[in-house]
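Please look over the sequence and the model first.

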Number of protein chains: 2
Amino acid sequence: MLKKITIAVDAMGGDNSPEKIVKGISLHSEEDQNVHYKIFGDLKKIKEVIPKSLTTNSYEIIHTNDEVKSTDSPLSAARSKNSSMWLAVDSVQNKESDIVISAGNTGAFFVIAKLNLEMIENIDKPALAGLWPNKNGINIVLDLGASIDCSEKNLVDFGIMGSALFKALFPKEDPKVAILNIGSEEIKGHEIIKNAFEILNLNRNPNFKFNGYIEGNEIMDGLSNVIITDGFTGNVALKTAEGTANFITSELKKAMTNNLLGKLSSILNINNLNKFKKRLDPRLYDGAILLGLDSAVVKSHGSSDYIGFANSLQLCTKIISGNLIDKIKQSID
Amino acid sequence: MLKKITIAVDAMGGDNSPEKIVKGISLHSEEDQNVHYKIFGDLKKIKEVIPKSLTTNSYEIIHTNDEVKSTDSPLSAARSKNSSMWLAVDSVQNKESDIVISAGNTGAFFVIAKLNLEMIENIDKPALAGLWPNKNGINIVLDLGASIDCSEKNLVDFGIMGSALFKALFPKEDPKVAILNIGSEEIKGHEIIKNAFEILNLNRNPNFKFNGYIEGNEIMDGLSNVIITDGFTGNVALKTAEGTANFITSELKKAMTNNLLGKLSSILNINNLNKFKKRLDPRLYDGAILLGLDSAVVKSHGSSDYIGFANSLQLCTKIISGNLIDKIKQSID
């Protein structure tokens with residue numbers, strides 16, 4: 001039998017917590033019996049909502065008195081060593097858990113993770129990696145906002161860490177790394193980007209293929225599957241894509257149900273429309289990974305529901321089964 | 001009678017030129033009889049495709065021996081003083097035309113414009129402004145790639161120029177300016193952005209309302225209508241939005257015509273679907289404006305067709321009727 005994976009879960013973060021968290025755990029445990037959940041949070045509140053279907057020996061609840069609120073500043077949140085978030089991270093640091101997940105306050109989670117966990121040797125800055133749909137499947141974009149100002153060394157490290165993550169999640173595919181830029185010609189872009197291009201181009205890393213530059217409209221074309229950028233640009237790109245998707249789907253909905261004939265034909269086409277909806281369901285891409293620390297740290301979307309949270313838990317198990325941290329360390333050497 | 005507007009048109013740039021250019025002129029002239037077109041390019045090629053419907057006294061053709069190719073580097077393109085692009089820009093510099101438009105090589109067009117035209121006093125860097133659809137109509141995003149590295153002064157100038165452009169195009173609406181950032185809190189983002197926020201916040205400009213920061217997902221929510229950012233970030237945001245829109249519409253098409261029932265119901269709903277398509281038609285938003293120079297310079301999308309080009313010509317007339325350059329100068333003082 002495989003060694004069980006232990007996931008430290010902050011039960012008190014994100015909308016509708018802890019209910020969505022324990023419902024997500026329950027859903028995930030139906031699909032994957034090889035996981036032990038260490039659930040950190042308010043014992044009473046958690047017990048009230050824990051589904052009976054969840055096998056009692058698959059989890060334990062560690063009662064915590066305090067919780068980080070979404071409105072807390074990262075630094076004030078980091079002052080309490082008794083929050084569910086802090087103790088969940090602590091559990092990874094103590095090697096009691098393999099990975100930690102929270103759907104709570106992003107800034108606070110990252111600060112607490114950085115305070116408690118070591119950086120991987122030779123990595124100077126962390127990166128937040130996210131999953132994006134593309135024409136052929138899924139790719140990884142990093143950094144999405146952990147490191148605003150990046151040097152060429154940071155960007156190169158993001159390429160190494162991103163391809164290790166890609167390989168851990170999709171073992172059968174080969175990572176193809178590209179730098180996000182504003183043109184494909186070598187003369188375009190900032191000095192830092194050009195230097196990163198130079199390094200990746202000259203010192204080929206055997207763990208991934210380097211595809212050079214891509215532009216924003218190529219992120220989803222599926223030709224590259226690890227896209228590197230600084231945290232400012234990546235965050236703007238991610239949110240612009242989200243905004244565009246919301247805008248288009250709301251315009252589509254308006255147009256398609258504009259009149260009776262529209263409503264009727266949409267009902268006729270409901271199966272196909274549902275397929276479309278499912279393909280773009282943000283819950284499928286839930287879970288962003290903070291890379292660069294000696295342990296894996298997963299942030300689930302605060303506004304996602306229990307299905308999204310269950311998907312983030314699945315991401316956690318893939319990261320551990322795929323030996324993400326070892327892969328990064330081997331690729332850095 | 002109103003004074004005629006004279007537009008200098010580079011007929012040799014962009015896909016299917018000069019045919020799409022003269023067809024675009026013809027379409028535009030049907031809607032607007034108050035324009036004189038100075039068409040720069042190969043006389044023989046233009047004459048072959050010019051529609052009979054175009055009134056002969058509404059245009060003149062200025063024969064040019066040379067043209068800028070899409071593959072030319074900006075600097076090599078700028079060496080020929082006999083290209084249709086150069087001479088069209090020259091016509092604005094000589095005050096023979098009110099505004100210049102090209103669908104050709106963007107980099108070359110900007111270099112030639114900057115070589116020939118003066119910067120507006122107190123503006124240090126130009127910005128490329130584009131039109132984006134939003135929930136309430138259209139907004140302006142700048143810079144989309146003219147100035148990669150921007151100071152706080154540049155960003156503030158972009159706000160001033162962008163709101164002057166918005167007011168010129170939509171005289172009945174009030175410009176609401178926002179800075180694109182990665183969070184709405186004042187502590188987020190680069191130093192340069194924070195300084196620009198500070199300046200716009202303390203020295204309120206009477207010509208626009210300052211809305212503070214917005215994130216990428218708010219570009220299209222319609223609450224702000226002038227979004228300022230550096231050219232690198234703006235270009236990535238624009239192209240990411242384009243890529244997302246293409247990805248979603250191609251997934252939608254796939255899903256909706258997946259089977260016979262899907263195809264049938266889509267045919268039933270064709271009117272509504274066409275309305276949706278029209279709302280997002282990129283040709284509606286064709287034409288980007290290079291701001292900061294003493295004359296207005298409009299770049300039409302190279303891959304757009306004659307309808308897109310006609311829309312760019314309409315943008316030209318609105319810019320001149322709206323006294324864009326004067327509005328910028330008044331707002332700078």
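## Terms and basis

A crossing of two helices is left-handed if the near helix is turned anticlockwise from the far one by less than a right angle, and right-handed if clockwise. Helices (H or I, at least four residues) and strands (E, at least two) are DSSP runs, numbered from the N terminus.

This is a predicted model, in which local features need pLDDT of at least 70, side-chain atom pairs count only at pLDDT 80 or more, and totals for chains, interfaces and linings use all residues. Residues are numbered from 1 along each chain as its sequence is written, while chains are lettered from A and ligands numbered from 1 in the order in which they are written.

## Two copies

Chain A can be laid on chain B by a turn of 180° and a shift of 0.0 Å along the axis, with an RMSD of 0.0 Å. The two copies are thus related as by a two-fold rotation axis. Here, copies are superposed by least squares on the C-alpha atoms of residues with pLDDT of at least 70 in both.

## Where the chains meet

Chain A and chain B each bring 43 residues to the contact. Two residues are in contact if their C-beta atoms, placed from the backbone, lie within 7 Å. On the side of chain A that touches chain B, the elements giving two or more residues are α8 (231-256), α9 (260-268) and α10 (270-279) of chain A. α8(A) gives the most, with 19 residues. By class, this side of chain A has 21 nonpolar, 15 polar and seven charged residues. Ala, Val, Leu, Ile, Met, Phe, Trp, Tyr, Cys and Pro count as nonpolar, Asp, Glu, Lys and Arg as charged, and the others, Gly among them, as polar. Of the interface residues of chain A, 100% are also interface residues in chain B, so the copies meet through the same surface.

One helix pair spans the two chains. The axes of α8(A) and helix α10 (residues 270-280) of chain B come within 8 Å and cross at roughly 145°. Axes are lines fitted to C-alpha atoms, for helices over the stretch in contact, and angles run from 0 to 180 degrees between N-to-C directions. The crossing of α8(A) with α10(B) is right-handed. From α8(A) come A:I248, A:E251, A:L252, A:A255 and A:M256; from α10(B) come B:N272, B:L273, B:K275, B:F276, B:R279 and B:L280. Seven residues of this contact are nonpolar, one is polar and three are charged.

## Domains of chain A

Chain A is assigned domain 1 (1-119 + 294-302) and domain 2 (124-291). The bounds come from an automatic or database domain assignment. Taken over C-alpha atoms, the centres of the two domains of chain A are 27 Å apart. Nine residues of domain 1 are in contact with seven residues of domain 2. On the domain 1 side, α5 (106-116) and β11 (296-299) of chain A give two or more residues. β11(A) gives the most, with four residues.

## Local backbone features

A cis peptide bond joins A:L142 and A:D143, with omega about 10°. A:D143 sits in the loop between β6 (137-142) and α6 (152-169) of chain A. In chain B, the peptide bond from B:S17 to B:P18 is cis, and its omega is near 0°. The loop between β1 (5-10) and α1 (19-31) of chain B holds B:P18.

A:N16 has a positive phi, near 55°, in a residue other than glycine. A:N16 lies in the loop between β1 (5-10) and α1 of chain A.
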